[in-house]
Structure formats: C-alpha cells, structure tokens
Amino acid sequence: MHNSIVPIPTNREQLFAFEIRGEVEKEDLHQMAETMNKAFDKYDKIDMLLLFRPYDGSETGASLDLEAQKANFRALTGVDKYVVVGAPDKANSLINFMDNIIPVDAHTFASEEVNKAWNCVNALPLQRATV
C-alpha cells in the first residue's frame with residue numbers, strides 16, 4: 001500500500017481496521033480489497049472499522065477496480081458490524097440509510113468519538129494510528 005489506506009493491527013482476529021487519509025489511491029483500494037477478500041474466504045463473518053483522517057475522496061476510477069467491486073459485494077453478507085469514524089456527512093447519511101436495508105450492523109461516529117467506535121467493536125488498536 002502507498003499511504004492513503006493503512007491497516008491498523010487490533011486485538012481481534014476477525015476485526016479489520018483501516019485508517020483512510022487524504023485521497024484514496026486506486027492501488028491502495030485494490031490492496032485493501034484483496035485483504036478483505038482473503039478475510040471473507042477465511043471467516044463467515046467479520047467486523048470492519050474505518051477511521052477517516054482528513055479524507056479527500058478517491059482517485060478517479062478507484063472504485064471501478066474489479067477486486068474492490070468483488071469485496072463490496074461480499075461485504076453485504078460477510079460483514080457483521082461496520083463502524084465508521086469521521087466520514088464525510090454524505091457518507092454518514094448513506095451508511096445510516098443502508099443500515100436499515102442490508103444485513104449489516106452499521107454505526108457512524110464523529111472524529112472525536114474514536115474511543116466509542118473501538119468500544120462498539122469490542123477491540124483495541126495494537127498500535128495507534130497517526131493523525
């Protein structure tokens with residue numbers, strides 16, 4: 001990965017946490033998708049925690065990556081709890097709306113509520129993400 005999506009090691013094997021910062025690069029999204037597809041192969045259900053630290057959107061075409069599309073589709077049935085911290089307002093609204101439609105337990109938190117987010121997934125980072 002370059003540095004727009006950085007994995008955060010946690011104390012839970014079935015929790016996949018990432019810090020997302022700046023503009024998401026296609027290569028980073030592809031690498032994250034590969035990580036998630038391996039997790040979906042290994043586990044029936046996983047939890048995800050995404051920490052947005054100044055987020056500037058995605059590189060043009062990043063979401064069109066085949067591996068990313070595969071991971072997004074598999075997440076509909078493979079993710080139990082989906083927790084997002086500091087996402088842009090539009091994303092928060094979409095996450096909260098989708099929580100009522102798809103079988104994922106979605107939660108959104110403001111940037112200053114990062115500790116509440118970690119409590120929500122019953123986990124701790126093994127090393128602190130940088131701001």
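Of the 131 residues in the protein, 41% are buried, meaning under 20% relative accessible area with a 1.4 Å probe and protein chains only. The structure is a predicted model, in which local features need pLDDT of at least 70, side-chain atom pairs count only at pLDDT 80 or more, and totals for chains, interfaces and linings use all residues. Residues are numbered from 1 along each chain as its sequence is written, and side-chain values use heavy atoms, with hydrogens and water left out.

**Confidence**
- The mean pLDDT (the predictor's confidence in each residue, from 0 to 100) of the protein is 84, and 79% of its residues reach 70 or more.
- Among the elements, helix 4 (residues 114-120) has the highest mean pLDDT, 97, whereas helix 3 (residues 89-98) has the lowest, 67.
- Where pLDDT is low, the predicted coordinates should not be read in detail.

**Secondary structure**
- The protein contains four helices and five strands, taken as DSSP runs (helices H or I, at least four residues; strands E, at least two) and numbered from the N terminus.
- Along the sequence, these elements follow the pattern β-β-α-β-α-β-α-β-α.

**The hairpin**
- Strand 1 (residues 5-8) pairs with strand 2 (residues 15-24) in the antiparallel sense over four bridges; pairing requires that DSSP finds at least two bridges between two strands.
- Six residues lie between strand 1 and strand 2 in this hairpin.
- Pro 7 stands opposite Phe 18 in strand 2.

**Contacts and surface**
- Of the contacts (heavy atoms within 4.5 Å) with a separation of 6 or more, 74% join residues 24 or more positions apart.
- The protein exposes about 7,500 Å², of which carbon and sulfur atoms supply 52%, by the Shrake-Rupley method with a 1.4 Å probe.

Terms used
Buried < 20%, exposed > 50% of the residue type's maximum accessible area, 1.4 Å probe, protein only.
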